[in-house]
Amino acid sequence: MPWDSVPWFVEGAAEHSSEITRLLAYAAFGGSEGIVGSADLQVRALTSPAAAVQVTTGACAITNKAPGSAYQSYAGRLPVAEQVAVAATGVSARSDLIVARIENPFSQGESWPLPSDPKVGPYIFTRVISGVPKTTVDVKQVRPGDSAIALARIDLPPNTASITAAMITDLREMVQPRRERRVYPLFTPTAEFLFPEDGVWRDWPNVARVNVRIPKWATRVQIVTTIGGLGLFNALVRAEVQHFLGDSVWGGHPTTIDDDQGGGLRRLTQVVASTVDVPPSMRGTTQPLFLKTWMSTDHTGDLRVDDRSAIVHDVEFQEAPELDGGV
């Protein structure tokens, strides 16, 4: 009989196997594994550092790694925060991996001990895999046969019995991170100029301002703005352009315009790119996206955009693991 004889779902007295049920979970998770919500299963130092860490509440998907278990996943939930002991170090430093692991003795090929009560288990645990290489970022690097996901790595110095936040490296990945991309093409019928008068940051070009709705789940945004046909004229130009999202002082990394093409009218294409964390206060709100430009007073050239220019904002909101309930 080549098929698993009872597919999901058959009526009557048919008995559905655990393998078929785990197949359903695998399909629901898209074959991926990781945390479900962006704030789930964070590994944190205790408020008063000690030889332990706290794992926050959350849920996860874990792929079944047992032999012959292709296309199977487990779904796990930690409803109450858990404190996990971490052994102190001696004269040598040590790195430990904190994982969520399935220990199912009934799955073919597994050798985990039977729980005291098979009805309630437990079959999922937070475990410490001690003494891993400091470069470890995935369970499969040290225990490829485990049905487990990495939550964090703790790098302990010698003679250490208390875990601090600086020792913890977050390794969580999301099982199905959401993404939402929007493109805003903008044009101006009249010229907008910027002159190097006082060397301060200006909201420019004004046509680049748009209102952007931020998804409730977004923890990060990547913005690429292209200014095509940016005009430079009268003399050499040196300037910097920066993204801002929201009316507060909150922006990405400045991009430099450093021109040495002489004093005639010339045009170039300028790209401004930013990756910025979205604070919780901005999620689910509508915020202005705009550019600020600074011009050096050491150069006397001018900038302009006009009816031969085009500005395109390419905005992608992303859901990624976050720390401490917000960024």
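Buried means under 20% relative accessible area, exposed means over 50%, and partly exposed is in between (1.4 Å probe, protein chains only). Keep that scale in mind for the whole tour.

This is a predicted model, so local features need pLDDT of at least 70 and side-chain atom pairs count only at pLDDT 80 or more, while totals for chains, interfaces and linings use all residues. Residues are numbered from 1 along each chain as its sequence is written, and side-chain values use heavy atoms, with hydrogens and water left out.

**Stop 1: Arg101 and its partners**

Select Arg101. Arg101 is buried, with a relative accessible area of 9%. The side chains of Glu103 and Arg101 meet in a salt bridge (3.0 Å, N to O). A salt bridge here is a side-chain nitrogen of Lys or Arg within 4 Å of a carboxyl oxygen of Asp or Glu. Glu103 and Arg101 are both buried.

Helices (H or I, at least four residues) and strands (E, at least two) are DSSP runs, numbered from the N terminus. Asp146 counts as buried, at 7% relative accessibility.

Then pick Asp155 and Arg153. Their side chains meet in a salt bridge (2.9 Å, N to O). Asp155 and Arg153 are buried. The count for the model comes to 20 salt bridges.

**Stop 2**

Show helix 1 (residues 18-28), where Leu24 has its place. Which residues of helix 1 are buried? They are Ile20, Arg22 and Ala25. The buried residues of helix 1 pack against strand 5.

Select Gln72, in the loop between strand 4 (58-63) and strand 5 (73-78). Gln72 is buried, with a relative accessible area of 5%. Its side chain makes a polar contact with the side chain of Arg22 (2.8 Å). A polar contact is a pair of N or O atoms within 3.5 Å; within protein, one must be able to donate a hydrogen and the other to accept it, and residues adjacent in sequence count only if both atoms are side-chain atoms. Not counting residues up to four places away in sequence, Gln72 touches Glu19, Arg22, Leu23, Tyr26, Thr63 and Asn64. Contact means heavy atoms within 4.5 Å.

Go back to Leu24. At 42% relative accessibility, Leu24 counts as partly exposed. Together with Leu24 they make a nonpolar surface patch of about 340 Å².

Step just past helix 1 to Gly30. Gly30 takes a positive phi of about 65 degrees.

**Stop 3: the nonpolar cores**

Nonpolar side chains tend to be buried together in soluble globular proteins. A nonpolar core is a set of buried Ala, Val, Leu, Ile, Met, Phe, Trp, Tyr and Cys residues joined through side-chain atoms within 4.5 Å.

Select Ile214, Val221, Leu230, Leu289, Leu303, Val315 and Phe317. Of the 33 residues in the largest nonpolar core, these touch the most other members. Strands that give two or more residues to this core include strand 15 (220-233) and strand 19 (286-295). Strand 15 gives the most, with five residues.

Zoom in on Leu230. Leaving aside neighbours within four places in sequence, Leu230 is in contact with residues including Trp204, Ile257, Leu268 and Leu303. A second, separate core has 23 residues, among them Val43, Val53, Ile62 and Ala100.

**Stop 4: backbone details**

Select Trp204 and Pro205. A cis peptide bond joins them, with omega about -5 degrees. Pro205 lies in the loop between strand 13 (202-203) and strand 14.

Jump to Gly121 and Pro122. They too are joined by a cis peptide bond, with omega about 10 degrees. Pro122 is in the loop between strand 7 and strand 8.

Now try Leu41, in the loop between strand 1 (34-35) and strand 2 (43-50). Its phi is near 55 degrees, a positive value in a residue other than glycine. Is Leu41 buried or exposed? Leu41 counts as buried, at 5% relative accessibility.

End at Asn159, in the loop between strand 9 and strand 10 (168-170). Phi of Asn159 is near 55 degrees, again positive in a residue other than glycine. Asn159 is exposed, with a relative accessible area of 60%.

Terms used
Patches are made of residues with over 30% relative accessible area and no salt bridge: like charges are joined within 9 Å, nonpolar side chains (Val, Leu, Ile, Met, Phe, Trp, Tyr) within 5 Å. Accessible areas come from the Shrake-Rupley method with a 1.4 Å probe; for residues, only the protein chains shown count as cover.
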